[in-house]
Amino acid sequence: MLARMTPLSLTPTFSLLLHRHRRLVHSSSPSFTPVAAAGGALLQDAGATAAVLAGAYCLVLAFETLTEREVIKQNLSRKLVHISSGLLFAISWPIFSTSKEARYFASLVPLVNCLRLVIYGLSLAPDDGLIKSVTREGNPEELLRGPLYYVLILIFCSLVFWRESPVGVITLAMMCAGDGVADIMGRRFGSVKLPYNQQKSWDAVLLLSFGIFSVGLDVSNSKGCFCCFTLDSSGVPSNY
């Protein structure tokens, strides 16, 4: 009698119950459609952009206040803004989503600052605090030179390299950490001047190289502050 029994899984009744159970489980489980995922990435990128914009504004405002109250000198304030703005912008990249549009949201931050520099540089609106904190001599037209080139490089690195190549982060390290620290320390401790430029020193050149090398090591470290990507054994980003 046992040899004539049909396996339970082959009986019509059990098959019907199993089919209904699968339909019930499938209908009760959450479904993540591509549209929903895109909407979540959009909200994440919009929130990240707003947060970074607010942080950038507060950073510049803090140095403006310190300069106006003569807590720090104008030249030091300018260099501290130069160092911190770009590096903090690069550190913020991981909070954006992995969508293709994330880089465009991130580039809005330096773009807004670019528009501010153009407006105040052309004297279309006054902002004495900003001018004192990021210019050498307090001339509004200076905003259309070094500071404007600075934010244009931020836009370029975020749009072209983003988190797909360490070239962008290393470029920002050269411009921000290397050049900024070299200028501050070189002015204070620089003793051996370059033969072709007496306003520069070998001390500053060495500090520039050290700053770039330090951030380069951080990029190659998977747990580093500036590591926005995963590098393989040859030092090339796995998604590059």
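**Entry 1: Overview**

How many helices and strands does the secondary structure of the protein contain? I counted 8 helices and 2 strands, taking helices (H or I, at least four residues) and strands (E, at least two) as DSSP runs numbered from the N terminus. I noted that the model is predicted, that local features need pLDDT of at least 70 and side-chain atom pairs pLDDT 80 or more, and that totals for chains, interfaces and linings use all residues. Residues are numbered from 1 along each chain as its sequence is written, and side-chain values use heavy atoms, with hydrogens and water left out.

From the N terminus, I read the order of elements as α-α-α-α-α-α-α-β-β-α. I found that buried residues make up 36% of the 240 residues; buried means under 20% relative accessible area, exposed over 50%, and partly exposed in between (1.4 Å probe, protein chains only).

**Entry 2: Helices α3 and α6**

I looked up how helix α3 (residues 74-91) packs with helix α6 (residues 146-160): the angle is about 15° and the axes are 11 Å apart. Axes are lines fitted to C-alpha atoms, for helices over the stretch in contact, and angles run from 0 to 180 degrees between N-to-C directions.

Which residues make the contact? From α3, I listed Val81, His82, Ser85, Gly86 and Phe89, and from α6, Tyr150, Leu154 and Ser158; contact means heavy atoms within 4.5 Å. The buried residues of α3 include Val81, His82, Ser85, Gly86 and Phe89.

I also checked the length of α3: at 1.5 Å a residue, its 18 residues should span 26 Å, and its end C-alpha atoms are 26 Å apart, which agrees. The expected span is 1.5 Å times one less than the number of residues.

**Entry 3: Ser107**

I located Ser107 in helix α4 (residues 102-121). Is Ser107 buried or exposed? Ser107 is buried, with a relative accessible area of 8%. Leaving aside neighbours within four places in sequence, I found Ser107 in contact with Ile155, Ser158 and Leu159.

Most residues other than glycine have a negative phi. I noted that phi of Ser123 is near 60°, a positive value, and that phi of Trp162 is near 50°, also positive. Ser123 is in the loop between α4 and α5 (128-134) and is exposed, at 54% relative accessible area. Trp162 is in the loop between α6 and α7 (166-189) and is buried, at 4%.
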